[in-house]
Amino acid sequence: MRFAFRELPAASGGALTPRPVVDIALEGLKEAPIACLLDTGALRTRMSAELAPLAGIELPSALTEEFWIGGLKTVGTLARVNLTVTDGTEEVTWDAAVWFCDPWPHPFGLAGLEGFLHHFLVTICAYHGYLEVESQA
């Protein structure tokens, strides 16, 4: 599957910068995929906790972690969910560890090693502004 880079706000705000983004659908929200920035340096895959109840996902309170993102302290709660990525012709669904975070400062999720990158061969061509994702299942 091939995806063109999409413009997202820079960390400091202001100018939009083309970056590697894929739309990932949560179970229960397949018709409303979430834009997720590929983050090769992130261990976790993270999304806003506001999405969990919309998708019918119950967040257990036992496994949480505090961390800082974009200068904001937040708490993530782990849930195992099914995620789906598609380019319109090919579709891949997998079981993933996702940390649902509150508060979440971004209008997009982060696709890190756990939950996304461990499941795919990813080629990023920043020069031409695209990424390719190939399932390893």
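1. Buried means under 20% relative accessible area, exposed over 50%, and partly exposed in between, with a 1.4 Å probe and protein chains only. By that scale C36 is buried, at a relative accessible area of 0%. C101 is buried too, at 1%.

2. On provenance: this is a predicted model, where local features need pLDDT of at least 70, side-chain atom pairs count only at pLDDT 80 or more, and totals for chains, interfaces and linings use all residues. Residues are numbered from 1 along each chain as its sequence is written, and side-chain values use heavy atoms, with hydrogens and water left out.

3. Overall fold. Along the sequence the pattern reads β-β-β-β-β-β-α-β-β-β-β-β-β. The radius of gyration is 14 Å, close to the 14 Å from the globule rule for 137 residues, so the chain is as compact as a globular protein of that length. That radius is taken over C-alpha atoms, and the rule is 2.2 Å times the number of residues to the power 0.38.

4. Dimensions and packing. The C-alpha atoms fill a box of roughly 40 × 35 × 25 Å along the principal axes. Of the 137 residues, 45% count as buried. Take contacts (heavy atoms within 4.5 Å) between residues at least 6 apart in sequence: 52% of them join residues at least 24 apart. The accessible surface is about 7,400 Å², with 53% belonging to carbon and sulfur atoms. Areas come from the Shrake-Rupley method with a 1.4 Å probe; for residues, only the protein chains shown count as cover.

5. Salt bridges. The criterion is a side-chain nitrogen of Lys or Arg within 4 Å of a carboxyl oxygen of Asp or Glu. The count is eight. One of them joins R6 and D23, with the closest N and O atoms 2.9 Å apart. R6 sits in strand β2 (residues 6-9) and D23 in strand β4 (residues 21-26), so this pair ties together parts 17 residues apart in sequence. R6 is partly exposed at 33%, and D23 is partly exposed at 29%.

6. The R44 pairs. R44 bridges to E65 at 3.0 Å, N to O. This pair links distant parts of the chain: R44 is in the loop between β5 (34-38) and β6 (46-48), E65 is in strand β7 (residues 64-69), and they are 21 residues apart. Both R44 and E65 are buried. R44 also forms a salt bridge with E114, at 2.9 Å between the closest N and O atoms. E114 lies in the loop between β10 (109-111) and β11 (120-125), so the pair with R44 ties together parts 70 residues apart in sequence. E114 is partly exposed, at 24%.

7. The network. R44, R46, E65 and E114 are linked by salt bridges. R46 lies in strand β6 and is buried at 10%. Its side chain makes a polar contact with that of E65 at 2.8 Å (N or O atoms within 3.5 Å; within protein, one able to donate a hydrogen and the other to accept it, and residues adjacent in sequence counting only if both atoms are side-chain atoms). Leaving out residues up to four places away in sequence, R46 touches E65, F67, W99, C101, W104, G109 and L110.

8. Cysteines. There are zero disulfides (cysteine sulfur pairs within 2.5 Å). The sulfur nearest to that of C36 belongs to C101, 11 Å away. That is too far for a bond.

Methods:
Helix = DSSP H or I, 4+ residues; strand = E, 2+ residues; numbered from the N terminus.
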